[in-house]
Amino acid sequence: MSQLSFVLKALIVGFLTLLLLIPLSMINGTIRDRQSYRLLAMEKVERSYAGQLKFAGPVLIVPFQDVETVITVNDKGEEKQHKEISDSFWIFYPKTLDAKGGMVPDNRAVGIFNVRTYEWNAKMKAVFDFNTVDSGNPLVKRSIGSPYLSFLMNDTRGLKGTPKLKVAGESREIKQGAGSHGITSKEKGLHVSLPKFALAEPQKFSVDMDFALGGTESLSFVPIADSNKINIQSSWQDPNFTGDFSPRNSKVDENGFVANWDISSLSASAQTEYRNMASLESIESLQVNLMDAVDLYTQLDRASKYGMLFIILTFVGFLMFEIIKQLAIHPIQYGLVGLSLAIFFVLLLSLSEKIDFMWAYLTASVACIGLLTTYVSSVLRSFSRGLGFSAMLTILYGALYGLLISEDNALLMGSLLLFTVLAAIMLATRKVDWYQLGKKPPETV
């Protein structure tokens with residue numbers, strides 16, 4: 001191969017590489033379409049089951065009314081009395097709140113898509129210890145209205161079955177609606193009516209509640225008490241702890257996970273946000289997601305982005321054979337090999353929606369490597385060269401799989417792969433006299 005021929009071949013191969021961006025971009029677009037279809041499937045499940053749940057409570061709401069006797073004097077010096085009535089309410093938070101329970105994961109199929117759901121079977125105990133106060137003004141008569149416990153939920157359909165609730169050991173009826181005061185008047189939820197309290201007398205009682213929450217993919221819990229201890233366990237092996245608070249300690253293994261939170265109101269602003277009547281969605285919370293660490297379409301999207309690297313490395317390998325073995329490979333043969341590499345990602349997408357990603361990747365890899373080994377053996381006029389080429393592809397596919405399943409080490413593995421490939425090319429061509437490429441006539445294919 002002469003220097004001019006080598007430069008021309010390199011330009012043609014570069015042009016073919018750019019052309020192959022078209023099918024790769026189409027494949028990437030197909031993956032994004034499938035991602036959007038999966039989101040539509042999730043929305044369908046959320047409409048019929050329940051969405052990503054957020055729960056807050058219990059909070060004690062105590063309405064009260066002040067009746068003030070106002071004395072006025074008219075122009076004639078006559079005193080007149082009238083009453084001015086004002087309504088307000090107290091918000092009392094639990095001193096302590098302990099909640100624990102197991103999340104049972106499940107799947108709901110919508111067509112070919114599986115949407116992760118769960119059911120959290122929980123036991124909760126909250127202790128209230130508070131004191132109402134008198135007006136402090138002899139002209140103002142204060143009276144307490146009907147207090148109630150309020151629970152906020154962004155989607156009450158997530159409440160599965162009928163909760164059991166006891167206040168001071170006595171069963172109480174749970175009613176729809178979060179209440180009619182403050183934030184409770186504009187949010188979905190539940191409430192429990194309580195008997196009236198004596199004014200300016202210390203009050204202390206416990207609230208025990210057994211309940212089940214079912215939702216889609218994630219559960220958020222608001223640490224509303226002065227001291228919050230939450231324990232969640234599940235058989236799910238890939239939890240994602242997000243939200244505003246990380247677990248104080250957690251254990252994740254092949255049996256699932258156990259996570260514990262110990263949150264003080266000194267480090268959380270949930271009570272302040274509740275008091276300021278913020279929306280439930282904006283109140284600080286802990287969150288557990290039952291999602292794959294690297295989900296299917298994230299893996300497929302990342303895989304397709306490595307497609308151009310695959311093609312470039314394969315074409316570089318072809319050029320090395322041309323240079324070192326003095327072979328002539330036609331640009332059409334380059335193009336066919338590049339298309340077969342692109343089709344790998346289509347196979348991977350279609351198979352992984354039907355079977356486990358690992359087996360889909362293995363099947364697509366074996367199919368493409370087998371095809372390329374047969375074709376390249378003929379192109380390179382040697383079965384042993386074809387096997388060497390297939391060994392290179394096997395290493396590339398194995399490295400790509402490692403990149404896809406690794407969430408934390410993808411950059412390190414990718415940079416090591418590129419360094420290894422560059423080192424191999426440099427070592428293989430270290431004795432090539434680039435100025436003497438035209439001395440030996442090429443073999444014909």
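**View 1. Helices lining the second largest pocket of the predicted model.** In this predicted model, the lining of the second largest pocket draws at least two residues from each of helix H5 (307-324), helix H8 (383-405) and helix H9 (410-428). The lining comprises 17 residues, and those lying nearest the centre of the pocket are Gly317, Met392, Val421, Ala424 and Ile425. The volume of this second largest pocket is about 430 Å³.

View 2. Trp359 belongs to helix H7, which covers residues 357-379. Because its relative accessibility is 48%, Trp359 counts as partly exposed.

**View 3. The salt bridge between Asp208 and Lys125.** In the salt bridge that Asp208 forms with Lys125, the closest N and O atoms are 3.4 Å apart. This pair links distant parts of the chain, since Asp208 lies in strand E11 (residues 202-216) and Lys125 in strand E4 (residues 113-131), the two being 83 residues apart. Asp208 has a relative accessible area of 26% and is therefore partly exposed, and Lys125, at 36% relative accessibility, likewise counts as partly exposed. The count of salt bridges in the model comes to ten.

**View 4. The salt bridge between Asp262 and Arg248.** Here the closest N and O atoms of the salt bridge between Asp262 and Arg248 are 2.9 Å apart. The pair again links distant parts of the chain, with Asp262 in strand E16 (residues 256-264) and Arg248 in the loop between strand E14 (239-243) and strand E15 (249-253), 14 residues apart. Asp262, with a relative accessible area of 33%, is partly exposed, whereas Arg248 counts as exposed because its relative accessibility is 62%.

View 5. Lys251 counts as exposed at 55% relative accessibility, while Asp253, with a relative accessible area of 24%, is partly exposed. Salt bridges that share partners also join Lys229, Arg248 and Asp262 into one network.

Definitions and conventions
Residues numbered from 1 in each chain as written. Predicted model: local features only at pLDDT ≥ 70, side-chain atom pairs only at ≥ 80, totals over all residues. Heavy atoms only, no water. 1 Å grid on protein atoms, 1.4 Å probe; cavity = no way out; pocket = protein on both sides within 12 Å on 5 of 7 lines; lining within 4 Å. Points joined across faces, edges and corners; volume = space filled by probe spheres on them. Helix = DSSP H or I, 4+ residues; strand = E, 2+ residues; numbered from the N terminus. Buried < 20%, exposed > 50% of the residue type's maximum accessible area, 1.4 Å probe, protein only. Salt bridge = Lys/Arg side-chain N within 4 Å of Asp/Glu carboxyl O.
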